[in-house]
Amino acid sequence: MSRPTPLRDIHESLGATLTDFAGWLMPLRYGSESAEHRAVREAAGLFDLSHMGEIFVTGPQAGQALDYALVGHLSALAPGRARYTMITNPAGGVLDDLIVYRLADEEFMVVANASNYHSVALALTNRAKNFDAVVDDRSDQWALIAVQGPRSQEILSSLTDADLPSLKYYAGLPGTVAGVSALIARTGYTGEDGFELFVAGDDAEALWGELTKAGEPYGMIPAGLSCRDTLRLEAGMPLYGNELNESLTPFDAGLGRVVKFDKPGDFVGRAALEPLRDSAPRRRLVGLVARGRRIPRHGFPVVVGDQTVGEVTSGAPSPTLGKPIAMAYVDTEVSDGLAVDIRGSQEPMDLVELPFYRRNK
Amino acid sequence: MSNIPDDLSYTKEHEWVAGLDDGLTVTVGVTAFAAEALGDVVYVQLPEVGANVQAGDSVGEVESTKSVSEIYAPLGGEVVEVNQAVVDKPDLVNTDPYGEGWMFRVRVEGDHEDLLSAEEYTALTSGDS
C-alpha cells in the first residue's frame, strides 16, 4: 500500500490521477500534463512534494559531520544558504543527490529523494557517530509544497511579509506564509524561479488552499509529478535512479564540481574519487533531440550504425521544444550519426549540450 | 467514469469498433478510458493502407508522455483507410476519442466473435479502476 501525503484528500477532490512513487501515493497529473508543464514555464504551478525526505543534523559539530559524510563543504555554508551536493559510498558511487540548507550555525536540513531518505538517514547517523552532532529524520512530520514559475514571487508575496526579493536562489529563511510557519526556500527542480515551502504536515491543507486562491489570478494551476519530470528534463537536471546511481560517481555524471577536495579532513569517498579528478570518463551525459516523433526512453540503446555507444537515461516529449528529448550517457568520442534503437528501429538523434531549456533571467 | 457509447463494440485492449452491424467496413479507435489512462498522447503510428491484418496483430502504437501502447487489429481484413489527422494531431485521441480521434478502417474478412458489448466493456473497466 502506498503512503498518502497530508494533501491526498485535496488531490482526490481535484480529480488527480494518483500513482505510486517510491512508496508514496502521489499526484501524477490533475488534467493535461502538457498544460501543467506550460503553466509552470509561463505562469506558475503548485506541487505537492511531501514525499521528499527532511533529515536534520544539529549540534556543535553538525557542519564537520556533514563535511565527513557528504562530498560538499557544508561547514563553509552561511546560515540561510543552501547547496546542491551528494552522498557517496566509500567507492565514490552516488547514494543520493541532496540539497542541504544551513538553518542556523548548529542546524542543517538535508533534503533527500523519497526513494533514498531512509538509507541516507542511516548513513548520516553512522557517519556522524564520532562527531558532536545528532541526526534526526523528520520526514514523517514535514510536508513540502512548491510554487514554481515566473509568477511565483508575486503569488507568494501576497501571503507573506518575508523579504522575497532579497531571498537569493539557493537560500532559505524561516517565515510565515498565510499564517503558517514555514521554511521558505528559493529552490526548485523545474528550471524556473520558484519557492519550496517546508511546513508541518498538519498545516499543509490550509496552506495549499491559500496558495491556490492567491495563484488563481496569475494562472497558477496544480501540477503533478509527470510535468515535474519533463520540466527537470528540459532543464537538464539529473534524476536519481536515471542519471545517477550507486555505480556512477559524481564525475561520471559530469557533476565533479560538487566534490570539494579542498575542504579540511577526510570524507567518505575521498580516496576513491581523488584519482578520478583529472581522468576523463569513458562516457558523458549529453542531450539528444529526436528528429522524428517517437520517444527515446530510459534504458534504450544509443547507436551509431550497428555499434552501441550509449544508453538513454531519461526521455520524454518536450512541450517547450515540441520534440522528443532525452538525456543519455554516450561514449565521449562520438557526436555525429547518433540514433536511438526504439523497439528495433533506429531513430536519428541530434546530440546537444545540456540543458535543453534555460529561462531568461 | 469514462464515456462508453452503447452503439460501439469493444476489445480487452481498450479499442472501440464502429459499424460492425452495417456490413463490411469497420472503424477502429481507442476508448476514452484508454486515453485518460495514457495521458496526453503525443505520437500515433498507424498501419499502411492496403495492409492485410489478422485479428490480434500489432498494427501501430500510441505514445504519451509516460508510456507507449500497441494498437491491435480487433478484426482481420484489409486496412482501407487511416486517419492522417490523428497522426498530425495526436491529441485528438484525448479530446475526441470516439470522433475525430478514430484511427483506421478495416474491410472485414472472416469471423469476429470476441468483441465486447458496451455493457461488458463497462464491467471490464470498472474492474480495472
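**Figure 1. Contacts of A:Tyr117 in the predicted model.** A:Tyr117 touches A:Gly53, A:Ile55, A:Ala112, A:Asp137 and A:Ser139, leaving aside residues up to four places away in sequence; two residues are in contact if their C-beta atoms, placed from the backbone, lie within 7 Å. The model is predicted: local features need pLDDT of at least 70 and side-chain atom pairs count only at pLDDT 80 or more, while totals for chains, interfaces and linings use all residues. Residues are numbered from 1 along each chain as its sequence is written, and chains are lettered from A and ligands numbered from 1 in the order in which they are written. A:Tyr117 is buried, because 23 other C-beta atoms lie within 10 Å. A residue is called buried with 20 or more other C-beta atoms within 10 Å of its own, exposed with 12 or fewer, and partly exposed in between, the C-beta atoms being placed from the backbone. Helix 4 of chain A, residues 117-127, contains A:Tyr117. Helices (H or I, at least four residues) and strands (E, at least two) are DSSP runs, numbered from the N terminus. From A:Tyr117 to A:Arg127 is ten residues in sequence and 15 Å in space, C-alpha to C-alpha.

**Figure 2. Packing of helix 3 and helix 4 of chain A.** Helix 3 (residues 62-69) packs against helix 4 at an angle of about 115 degrees, and the axes are 9 Å apart. Axes are lines fitted to C-alpha atoms, for helices over the stretch in contact, and angles run from 0 to 180 degrees between N-to-C directions. Helix 3 of chain A is therefore roughly perpendicular to helix 4 of chain A; angles under 35 degrees count as roughly parallel, over 145 as roughly antiparallel, 65 to 115 as roughly perpendicular and the rest as oblique. On the helix 3 side, A:Ala65, A:Tyr68 and A:Ala69 meet A:Ala123, A:Leu124 and A:Arg127 of helix 4. By class, this contact has five nonpolar, no polar and one charged residues. Ala, Val, Leu, Ile, Met, Phe, Trp, Tyr, Cys and Pro count as nonpolar, Asp, Glu, Lys and Arg as charged, and the others, Gly among them, as polar.

**Figure 3. The side of chain A that touches chain B.** Eleven residues of chain A are in contact with seven residues of chain B. Helix 2 (33-42), helix 7 (225-234) and strand 17 (307-318) of chain A each supply at least two residues of this side. The residues on the chain A side divide into three nonpolar, four polar and four charged.

**Figure 4. Backbone at A:Tyr170, A:Ala178 and A:Pro355.** Most residues other than glycine have a negative phi, and most peptide bonds are trans. A:Tyr170 has a positive phi, near 60 degrees, and is found in the loop between helix 5 (152-157) and strand 11 (172-177) of chain A. A:Tyr170 is partly exposed, with 15 other C-beta atoms within 10 Å. Phi of A:Ala178 is also positive, near 50 degrees. This residue, A:Ala178, sits in the loop between strand 11 and strand 12 (180-185) of chain A and is buried, with 20 other C-beta atoms within 10 Å. The peptide bond joining A:Leu354 and A:Pro355 is cis, with omega about 0 degrees. A:Pro355 belongs to the segment after strand 20 (345-352) of chain A.
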